[in-house]
Amino acid sequence: MDDIYTKKDIYDLVRDYYSKVDFDIPLIQRREIAFQNWGEAGIRDRHRYFQTNEDLKRYLSQVPKAAAFHSVGYYLDPLEKQFSKKTLKGFDFIFDIDADNLQGEDYLEKLGELCLMAKRLIDTFLVKHFGIPKENIRI
């Protein structure tokens, strides 16, 4: 018989996950952290701040959230609620390569095609054209 999970079981599983995961968010102390609460649509708990990845891990293992997000931007004051007053200091350059628009074949072939697209993006554009060192690129 298949296991049937209750809402509390899911909550406990998420709490357990957050207690074991090692977050690797560069410059977390300069990012806005936001959460989606259980039973709520969208992100309503935002403008949060954590000094370290370990602080975020500790918080989420005590108060597990349905989803957690961090800003792409780095701010002088990530706690400020008005974006115009946060003082943007920089940001990550991010590409999201999705498989939903690839045609035919099976899933593994689509993943292979995505890997080739990512490699081409990195080698041809980021490294060769823009001169970004590979050691500055995170995948």
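Predicted model: local features only at pLDDT ≥ 70, side-chain atom pairs only at ≥ 80, totals over all residues.
I started with the lining of the largest pocket: its residues split into 19 nonpolar, 2 polar and 4 charged (Ala, Val, Leu, Ile, Met, Phe, Trp, Tyr, Cys and Pro count as nonpolar, Asp, Glu, Lys and Arg as charged, the others, Gly among them, as polar).

Numbering runs from 1 along each chain as its sequence is written, and side-chain values use heavy atoms, leaving out hydrogens and water.

I looked up the volume of the largest pocket and got about 830 Å³. Of its 25 lining residues, Phe-93, Ile-94, Phe-95, Arg-138 and Ile-139 are the closest to the centre. I then checked which elements give two or more residues to this lining, and found α2, β3 (67-70) and α4 (107-129). The largest share, 4 residues, comes from α4.

Next I turned to α1 and α2. The axes of α1 (residues 7-20) and α2 (residues 53-62) come within 8 Å and cross at roughly 165°. So α1 is roughly antiparallel to α2 (the term covers angles over 145 degrees). I noted the crossing of α1 past α2 as left-handed.

Who meets whom? Arg-15, Tyr-18, Ser-19 and Lys-20 in α1 meet Lys-57, Leu-60, Ser-61 and Gln-62 in α2 (contact means heavy atoms within 4.5 Å). I sorted the residues of this contact into 2 nonpolar, 3 polar and 3 charged.

Technical notes
Axes fitted to C-alpha atoms, helices over the stretch in contact; angles between N-to-C directions. Parallel < 35°, antiparallel > 145°, perpendicular 65-115°, else oblique. Left-handed = near helix turned anticlockwise from the far one by under 90°. 1 Å grid on protein atoms, 1.4 Å probe; cavity = no way out; pocket = protein on both sides within 12 Å on 5 of 7 lines; lining within 4 Å. Points joined across faces, edges and corners; volume = space filled by probe spheres on them.
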